[in-house]
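Keep the view open as you read.

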Amino acid sequence: SFYRKMTKIKQEIYTYLKQYKELYGNDIFIGYDEFSLFTSLNKIDYTKKNKLNKFENEISLCDKCDIAVNRNNFVFGAGDPEADLFLVGEASTHQEEIHGIPFVGKIGSLLDNILFAINKSRKKGVYIANILKCKLPKNRDPLSKEIQNCVPYLKKQINIISPKLIVVMGKVAAKALLDIETGFNEMRNITYEYCGYPLRVTYHPAALLRNSDLKKPAWDDFKWVMNYLNK
């Protein structure tokens, strides 16, 4: 983690200076080689992965909403920190909370198959997160206050990753982010802007499991996604 890395850097600097003092006393003469070593030790890794890890540590104990009381795991998000595709769901399910990973079980398997079909995976090119990081009781829709509390977290995740495209899955998540009352079918096939990034809407994998007739239009959506990302 970020803090372990900083502790290691401090220890390496201390050891180096202690050895230097034993050899040369209190006077420090910094030549090119020593300066290079010192600056290399002070390099802090500001990669997207470390930024995400640091941010997760900062917010994983969030208790702004009542639903945090019975939380098993904070479901931050998962995937490739260098992703060009950012997928957004609504809220954590019971299984997701147990594993601490978004989109698991049958829903996750279906999503993985869709991603494979467009030459993507959770490990390469895709990052996945829910709007809400906690499970909702009785599978109810999120309250506006809960959305307001959690959306800033999602926005920061998006800005850290800086994807080429955001795809929101499901009516509830789409309306929560876009704040529009348009019918779901009317929301599809339109490119919106969110946090400065293009955003598209498609069906949630759970809806495809409930109604196989939706698989074809969902596949049409992801073919568009594939073509857009391959431009």
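Q: Arg200 is buried yet has no salt bridge; how far away is the nearest side chain of opposite charge?
A: This is a predicted model. A salt bridge needs a nitrogen-to-oxygen distance within 4 Å. For Arg200, the nearest side chain of opposite charge is that of Asp221, at 5.6 Å.

Q: Which side chain is joined to that of Arg200 by a polar contact of 2.9 Å?
A: Arg200 is found in strand β6, residues 197-202. Its contacts, leaving aside neighbours within four places in sequence, include Leu165, Ile166, Asn189, Thr191 and Trp224. The polar contact of 2.9 Å joins the side chain of Arg200 to that of Thr191.

Q: With which side chain does the side chain of Thr202 make a polar contact?
A: Thr202 also has its place in strand β6. Not counting residues up to four places away in sequence, Thr202 touches Phe184, Ala218, Asp221 and Phe222, among others. The polar contact, at 2.7 Å, is with the side chain of Asp221.

Q: Is Thr202 buried or exposed?
A: The relative accessibility of Thr202 is 2%. The cut-off for buried is under 20%. Thr202 therefore counts as buried.

Q: In what order do the six strands form the open sheet?
A: The chain has 10 helices and six strands. The pairing in the sheet is mixed. The edge strands, each pairing on one side only, are β1 (78-79) and β5 (192-194). The order is β1-β3-β2-β4-β6-β5.

Q: Over how many bridges do β2 and β4 pair?
A: Strands of a sheet pair through backbone hydrogen bonds, either parallel or antiparallel. β2 pairs with β3 (residues 126-130) in the parallel sense over five bridges, and Gly89 has Asn130 as its bridge partner there. In β4 (residues 165-169), Val168 is the bridge partner of Val88, and Val167 is that of Leu87. β2 and β4 pair in the parallel sense, and the number of bridges is four.

Q: Which residues of β2 point the other way from Leu85, Leu87 and Gly89?
A: In a regular strand the side chains alternate between the two faces of the sheet. β2 (residues 85-89) is mostly covered, with five of its five residues buried. Leu85, Leu87 and Gly89 point one way, and the other way point Phe86 and Val88.

Q: Is Pro152 buried, exposed or partly exposed?
A: Pro152 lies in helix α6. Its C-alpha atom is separated by 9.2 Å from that of Ile131, 21 residues apart along the chain. Buried means under 20% relative accessible area, and exposed means over 50%. At 44%, Pro152 is therefore partly exposed.

Q: What percentage of the residues in the chain is buried?
A: The chain has 231 residues. Among contacts between residues at least 6 apart in sequence, 71% join residues at least 24 apart. The buried residues make up 44%.

Methods: Residues numbered from 1 in each chain as written. Predicted model: local features only at pLDDT ≥ 70, side-chain atom pairs only at ≥ 80, totals over all residues. Heavy atoms only, no water. Helix = DSSP H or I, 4+ residues; strand = E, 2+ residues; numbered from the N terminus. Buried < 20%, exposed > 50% of the residue type's maximum accessible area, 1.4 Å probe, protein only. Lys, Arg positive; Asp, Glu negative; His and termini not counted. Polar contact = N/O pair within 3.5 Å; in protein donor to acceptor, adjacent residues only side chain to side chain. Contact = heavy atoms within 4.5 Å. Pairing = 2+ DSSP bridges.
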